[in-house]
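Visitor: I'd like to learn how to read salt bridges in a model like this one. Could you walk me through a few?

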Amino acid sequence: MASPERYICIHGHFYQPPRENPWLETVETQDSAAPYHDWNDRITAECYAPNGAARVVNGDNRIIRILNNYGRMSFNFGPTLLSWLQENAHRVYQMILDADEHSCLRFGGHGSAMAQVYNHIIMPLASTRDRITQIRWGKHDFEHRFGRKPEGMWLAETACDTETLQLLAEDGIKFVVLAPHQCARIRPIPPAPKGKKKDEPVPEGPWIETANGSVDTTRPYRVNLGNGRSIAIFFYDGARSRAVAFEGILNDGETFARRLMGGFSDNSDHPQIVHIATDGESYGHHHRYGEMALAWAMKWIETDGRAKLTNYGEFLAKFPPAWEAQIVENTSWSCVHGVERWRSNCGCNSGRPGWNQEWRRPLREGLDQLRDSAEPLAAKLGATLFKDVDAARNAYISVILNRNKENIDSFFALHATHELSEEERRTALKLMELERHELLMYTSCGWFFDEITGIETVQIIAYASRMLQLAAELFGDEGAALEKPFLDKLATAKSNLPDQKDGATAYERYVRNMELDLEHVGAHYAISSVFKNYPEQTDLFCYSIRQQALEIETSGRGRLEIGRASICSKITEEQETIVFAVLHFGDQNITAAVKPYREEEAEEFARFTREARAAVVRAELPEVIRGFDRVFPMKTYSIRSLFKDEQQRIVEMILKPRLERVEASLASIYDNQASLLHFLSQSGLQRPPALTLAATFAINAGLKRSIESSPIDSIQMRTYLGLAASDNVVLDRQDIGYMADQRMKQAMIAMQEEIDADSGNTSALDDALLVARTVTELPFELNLWQAQNIWYDIYRRLFRTWNQTALDSVTGPGLPPAPAGPDVTGIEEASTYASQHDRFVELGKLMGISVDDLVIEEETPLPEDAETAIAE
């Protein structure tokens with residue numbers, strides 16, 4: 001049996017860069033993440049969610065345990081990612097919070113979650129002011145979510161210098177995690193001699209150099225920072241961390257576990273911690289089923305006391321540093337040149353021949369120039385609104401986390417110099433938003449990859465653009481003058497793609513059309529209202545819109561909408577009332593016009609409304625357009641003016657009937673030529689490409705229809721699967737698999753709602769069973785993760801505790817346990833329960849769960865005074 005002083009800690013750095021459109025505060029569709037909406041959505045499905053309910057399987061690859069990995073490992077989540085998860089994947093978000101709460105009890109009051117610098121900036125390259133805000137925002141966000149103070153803080157790319165450590169220690173952070181090559185030297189901390197006076201220095205031994213990452217990573221180290229402050233550092237095991245990230249040891253859980261166990265030394269005379277740190281996305285996204293290997297490894301390690309799982313906070317409390325260290329300044333875990341990857345063409349890239357990253361330097365210089373030029377302007381204006389601009393900025397995270405009016409009022413009550421007018425409130429909020437976007441534009445991913453026109457770099461340039469827009473609104477001509485030098489600098493950041501030219505070109509092509517104001521929001525509302533019936537009061541992304549008037553006139557395919565609406569930003573409280581007119585000619589042909597509402601123009605606008613409606617009735621649509629030109633002298637808008645997601649939705653709506661006709665035509669061709677195609681396939685003769693195309697489209701479309709139909713059409717599915725097999729048709733596995741996964745999840749949600757309602761109805765159970773029987777006939781693997789979780793939750797809560805005695809009286813002993821509830825006494829009632837139970841068990845087995853072998857992992861129960869226990 002292993003020594004009780006052997007500990008293992010597995011740290012996952014779970015992070016995605018902020019992807020929100022700076023003007024909408026939402027992540028728009030990212031086509032490269034298909035079939036998912038965006039990369040956050042995709043990686044959540046592949047990694048963040050599976051780690052909250054990781055599978056342990058038997059030799060037949062059937063589930064026997066479901067574990068929350070987060071509660072047994074050490075982890076940090078980027079605050080901006082947690083914000084997205086809270087809004088878009090709340091079940092996963094709650095799994096993360098629950099895991100930390102339970103880990104506090106598992107690990108002696110020390111939670112597994114670590115904080116992170118707010119939006120992942122490279123701290124040694126940041127100004128002191130920005131570093132402080134990053135730490136304060138990261139801490140506050142952590143406390144807001146996890147309900148406790150953080151002990152450790154993750155540094156973006158583990159990029160570190162002494163000033164950063166000093167600022168962390170000043171804010172109460174106890175430890176950080178760094179790569180082994182970031183350690184410069186170490187030496188033992190000498191014990192204080194007997195009789196030593198308080199201020200008498202302790203003799204210190206010589207430093208031991210730790211070149212090439214040769215530091216002993218099985219112990220923590222103390223770094224003395226002066227003024228009586230210090231911070232602990234855990235230098236992770238570099239070789240084993242690289243093996244997880246790059247060498248494929250997650251292909252097998254036992255291989256992974258044994259590799260970790262191999263990090264212990266039998267000759268050690270101190271308590272050892274073998275610990276690794278990698279991107280958390282290794283467990284499921286970078287390496288498929290990596291979360292299963294992680295779950296299996298942690299379970300195996302704890303079996304028979306091979307070692308004890310721990311987290312950094314618990315180990316540090318049990319075994320304070322006995323050695324001290326000094327760091328190598330300006331280093332990181334992902335750049336052998338220190339922190340050059342985020343400011344120069346250092347050679348760190350993905351290896352595309354002929355490419356360079358000379359663009360990194362002018363990009364950083366341009367952002368630094370923008371920050372340094374805007375800072376004095378912000379300080380000057382801020383002094384008229386805030387007692388202390390920096391203190392207000394550092395506290396603004398409380399508003400970011402909760403933008404309701406009461407919370408904003410409290411923020412101003414604490415930090416404003418006086419009771420602000422409505423206009424001053426808007427100015428103050430815009431100023432704080434300028435400060436927020438100044439931080440967001442330094443997100444590290446903007447420099448990490450190879451090309452300045454990549455989505456990560458365009459994203460940070462968009463944050464800079466939003467900052468420039470706010471600067472122009474806040475500081476007038478001085479603010480507007482900030483754009484030209486920024487674009488001049490971007491023009492020297494050359495792209496590797498000749499047609500993309502440089503950063504300034506990327507700004508004009510990809511960022512300029514993202515910029516919007518309240519009028520543009522009004523145009524979106526006006527155009528989309530042709531295709532969607534909005535209620536009187538509605539939210540559109542981060543804007544609140546109240547419809548004040550709407551008149552509609554139709555004639556044939558033509559449709560005219562004229563109205564008035566008030567728009568208010570939920571971020572800055574900026575508001576405006578607009579009037580709009582939209583003329584839809586059918587399909588994608590649409591023209592809209594918007595302008596601010598003026599009371600003195602009300603009579604003219606009313607006359608335009610009457611004349612335009614009359615012209616539509618007469619089908620004189622050109623006359624309507626001339627009215628647009630007269631009343632709305634500014635620019636007009638089209639369907640291209642819509643925000644991306646809504647544009648996609650409307651285009652799909654327009655395309656749907658056309659695609660249905662195309663689909664019907666191809667299906668007809670296939671039906672008419674099916675016997676010939678069968679003959680060609682069976683004879684091994686070449687098939688004409690046109691027939692192959694028709695068959696491929698028709699069969700895949702038929703399979704998708706069978707999945708979407710209500711109830712699911714199992715007969716149609718079997719028919720099309722048979723045709724696909726006989727005609728050698730390639731199935732669209734990605735789309736069909738995704739649709740099947742979603743259909744199974746929807747069926748399980750309906751079943752869960754039916755059970756929770758306790759109505760005695762079992763139709764949803766029957767439907768879920770039919771769906772499971774049908775989709776499991778597909779000839780490829782499905783990702784039924786969400787559906788399996790719902791089944792497991794129901795089984796854990798209800799079915800395994802059913803009244804066994806009553807079932808035995810009807811069916812005999814040996815039946816698996818069934819749902820809790822009142823005692824079942826009547827034979828007929830017991831038989832009904834038994835039937836439900838049997839169907840539920842079959843459902844689980846169809847979804848890959850070994851019900852007879854299933855082990856329910858109960859989390860450590862939380863006492864009523866859990867908060868006190870955790871604090872202690």
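Predicted model: local features only at pLDDT ≥ 70, side-chain atom pairs only at ≥ 80, totals over all residues.

Visitor: Let's take R393 and E438. How far apart are the N and O in that salt bridge?

Guide: The N to O distance between those two side chains is 2.9 Å. R393 belongs to helix 11 (residues 389-395) and E438 to helix 14 (residues 422-440), so their contact ties together parts that are 45 residues apart in sequence.

Visitor: Does R393 count as buried or exposed? And what about E438, buried or exposed?

Guide: The cut-off for buried is under 20% relative accessible area. R393 comes in at 1%, so it is buried, and E438 at 2% is buried as well.

Visitor: Where do D409 and K405 sit?

Guide: Both are in helix 13 (residues 405-415), 4 residues apart, which puts about one helical turn between them. D409 is partly exposed at 28% relative accessibility, while K405, at 51%, counts as exposed.

Visitor: Which parts of the chain does the D735 and K704 pair link?

Guide: Distant ones: D735 is in helix 26 (residues 733-757) and K704 in helix 24 (residues 689-708), 31 residues apart. Their side chains meet at 3.9 Å, N to O. D735 is partly exposed at 29%, and K704 is partly exposed at 22%.

Visitor: Which residues do shared partners join into one network?

Guide: That network consists of R129, D130, E375, D390, R393, E435 and E438.

Methods. Residues numbered from 1 in each chain as written. Heavy atoms only, no water. Salt bridge = Lys/Arg side-chain N within 4 Å of Asp/Glu carboxyl O. Helix = DSSP H or I, 4+ residues; strand = E, 2+ residues; numbered from the N terminus. Buried < 20%, exposed > 50% of the residue type's maximum accessible area, 1.4 Å probe, protein only.
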